[in-house]
Amino acid sequence: MLASELPVYRDTFELVSLLVDYVAIFPKSHRYTIGEKMTNVSLELFEYLQLANRAADNKPARAKYLEGFLIKFELLKVLLRLCNEKRIITVKQTAKLATYTEKIGRQVTAWKNK
């Protein structure tokens, strides 16, 4: 199965798409620091999904890639929390992103434990 067909891939794509839109309207003082870091970390998530999907027959390798995904994902969630606390993004935007982060976290954890 192609990674792009996985539900977690589609949800991650939606999350990254929202982040890119939100970062575009960040204040200039945060766009090139926090915003750029968030964009880069979120794009790295796709690499881990691709690697985990290709390692479908090798459970230890797949688990390693999914663990890497979860580490980057936790960093992304910290950056999102920072944006919320500094009022860089609105409460409504935070809630929308939280919906995706919760779904993605559950899916990747279940995949890792499978």
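A polar contact here is a pair of N or O atoms within 3.5 Å; within protein, one must be able to donate a hydrogen and the other to accept it, and residues adjacent in sequence count only if both atoms are side-chain atoms. Welcome to a predicted model, where local features need pLDDT of at least 70, side-chain atom pairs count only at pLDDT 80 or more, and totals for chains, interfaces and linings use all residues. Residues are numbered from 1 along each chain as its sequence is written, and side-chain values use heavy atoms, with hydrogens and water left out.

**Thr12**
- Thr12 sits in helix H1 (residues 7-24); helices are DSSP runs of H or I with at least four residues, numbered from the N terminus.
- From its side chain, Thr12 reaches the backbone oxygen of Val8 at 2.7 Å.
- Beyond neighbours within four places in sequence, Thr12 is in contact (heavy atoms within 4.5 Å) with Leu45, Phe46, Leu49, Phe69 and Ile104.

**H1 with H3**
- The two helices pack at an angle of about 35°, with axes 14 Å apart; axes are lines fitted to C-alpha atoms over the stretch in contact, and angles run from 0 to 180 degrees between N-to-C directions.
- Thr12, Leu15 and Leu19 of H1 meet Phe69, Phe73, Leu76 and Leu80 of H3 in this contact.

**H2 with H3**
- Helix H2 (residues 28-54) packs with helix H3 (residues 59-85) at about 160°, their axes 9 Å apart.
- That makes the pair roughly antiparallel, a term for angles over 145 degrees.

Definitions and conventions: Parallel < 35°, antiparallel > 145°, perpendicular 65-115°, else oblique.
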